[in-house]
Amino acid sequence: MTSTTDETTPPRHDHIFRNALIYDGSNDGPLPGEVAIAGERIVAIADQGTIPAGPATREHDLKGKALAPGFIDSHTHDDRIVLDSPDMLPKISQGVTTVVAGNCGISLAPVTFDGPPPAPLNLLGGKEAYQFPTFADYARAIAETTPGVNVAALVGHSSLRLATMSDIGGKAAASEIAAMLDRVDEAMENGAAGFSTGLFYPTNAGADADEVSQVAARFSAHGGVYATHMRDEMDHVLDSIAESVDTAARAGIQLVISHHKCAGVSNWGRTRETLPVIAKAAAGQPIGIDAYPYAAGSTNLRADLVTDTYRIMISWSEPHPEMTGRDLADIAAEWSVDLDEAARRLDPAGAIYFQMDEDDVRRVLAFPLTMIGSDGLPHDKHPHPRLWGTFPRVIGHYARELGLFPIETAIHKMTGLTAKTFNLKDRGRIAEGCFADLVIFDPATVIDRATYEDPLQFSVGIEKVFVNGRLSWEAGATTVHRNGRLVGGRAG
Ligand SMILES: [Zn+2]
């Protein structure tokens, strides 16, 4: 990628942000000052009233409001929505300027299907969504679409397995692993950012630690990272952490433990055990975590997650779309059947599981290695509110209202820490030479409005969002001036 400025052009300032409270993404406290951008990059950071304006400069008086690096959503399933609804309003309206897609072993490329894709790949859509036999095809689609936000794309292990294996239930044969590794090379050479697994899911569960570490090692050879939705986040969560740490160590790769939680009522409180184990492992190898700021998770409606010990809400159902947004228990009562039978009748479906303890959520969010990631499911009819509310909720609710950590720490967890963990060059910081992905927000009022009952709600307090130097979105707007691109890995 080339900047629109070069040495032969005299310095110019396209935008100057004056009277800003600058959160630079580093976890340091904010400082008053001003920032200038030219073309796609940040070119000056200085004391108040010192940056000269040119004839074409657009000045923004922030009146003491916050200027931060654009937020990076470290965990998304936005592979398809960046192409189908490229304005990306649910994300850009939160101040997000980059999404990490392809998580949980599920990526749109490189795989195609003749019939309906199996769960969980159906979370991204039907077979018509999977039209990218190579990663280069997907990269080209991103470039032609120009989404509203940047995209760092992981390649999912389930997608690789479904593209190369005859029997998805077991471990891959040597020849099948070799076929996966060819696809890894192709993907990384064409701008993928790394690897993801979803060992919890049937399409990925057959892979043992050997298979995972062999594939991960190939991503590592290309400079990729490795994010995992672990095999077990319930009773055997400690075994799964040990497996994840071990496979990443064998592959020599940066590990990200996805949406860390201790799910199920009998495991509430166990982040007191898991976080020290992760901290200890992280002293010896690079490890990060992502988390969303809610005590409910969401995925397919699965028989093994149905229980009467926590609330379950239906987020979509193919045979019974009229039940979307209702509780499974109410549906079962209405049908005079038990929960299992109601779930069977609703399938294929999605659900929101109120399976976590709020104290665990807070402990994980406050953990120093934790990045913020929404894990939002953009194709759900009645999505978990994390899709529209995650970032303002972390700043407004957890930092400002509850004082779980300072606002600069909230910002660091969604900018500098994430860019470093995912190797996103020149992003996630306000520093001279970095890309001008920026958000202006009001730290006194910023808050989420999306709820479980009413999830499609804009947040409050996010005022302007710049992507690669362009003013892309302003509060209240329903149009987006799109300027995103593929980032991470070889894409830069
Ligand atoms: Zn997941």
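Me: How much space lies in the largest pocket?

Reply: About 430 Å³ of space lies in the largest pocket. The model is predicted, with pLDDT of at least 70 needed for local features and 80 or more for side-chain atom pairs, while totals for chains, interfaces and linings use all residues. Residues are numbered from 1 along each chain as its sequence is written, and side-chain values use heavy atoms, without hydrogens and water.

Me: How are a pocket and a cavity defined, and what is a volume here?

Reply: Rolling a probe the size of a water molecule over the atoms shows where empty space is left. On a 1 Å grid over the protein atoms alone, a cavity is a set of points where a 1.4 Å probe fits but cannot get out; a pocket is an open set with protein on both sides within 12 Å along at least five of seven lines; lining residues have an atom within 4 Å of a point. Points are joined across faces, edges and corners, and the volume is the space filled by probe spheres set on them.

Me: Which residues lie nearest the centre of the largest pocket, and how does its lining divide by class?

Reply: The lining has 24 residues, and Asn122, Leu123, Trp316, Glu318 and Pro348 lie nearest the centre. By class there are 12 nonpolar, six polar and six charged residues. Here Ala, Val, Leu, Ile, Met, Phe, Trp, Tyr, Cys and Pro count as nonpolar, Asp, Glu, Lys and Arg as charged, and the others, Gly among them, as polar. Domain 2 (71–295 + 354–421) and domain 3 (296–353) each give at least three residues to this lining, with bounds from an automatic or database domain assignment.

Me: What lines the second largest pocket?

Reply: This pocket holds about 260 Å³ of space. Its lining has 25 residues, with Phe200, His229, Glu233, Lys261 and Thr299 closest to the centre. Strand β15 (residues 297–300) gives the most, three residues; strands (E, at least two residues) and helices (H or I, at least four) are DSSP runs numbered from the N terminus. The classes are 11 nonpolar, seven polar and seven charged. Domains 2 and 3 each supply at least three lining residues here.

Me: Which residues coordinate the zinc ion?

Reply: Donors are N, O and S atoms within 2.8 Å of the metal (3.2 Å for Na, K and Ca), and water is not among the atoms, so sites may look incomplete. The zinc ion is coordinated by Cys104 (SG), His229 (ND1) and His259 (NE2), at 2.0 to 2.2 Å. Cysteine 104 is in the loop between β7 (96–101) and β8 (111–112) and histidine 229 is in strand β12 (residues 225–229), so the pair ties together parts 125 residues apart in sequence.

Me: Are cysteine 104 and histidine 229 buried or exposed?

Reply: Both cysteine 104 and histidine 229 are buried, where buried means under 20% relative accessible area, exposed over 50%, and partly exposed in between (1.4 Å probe, protein chains only).

Me: How many cavities of 30 Å³ or more are there?

Reply: There are two. Helix α12 (residues 358–366) contributes the largest share, three residues.
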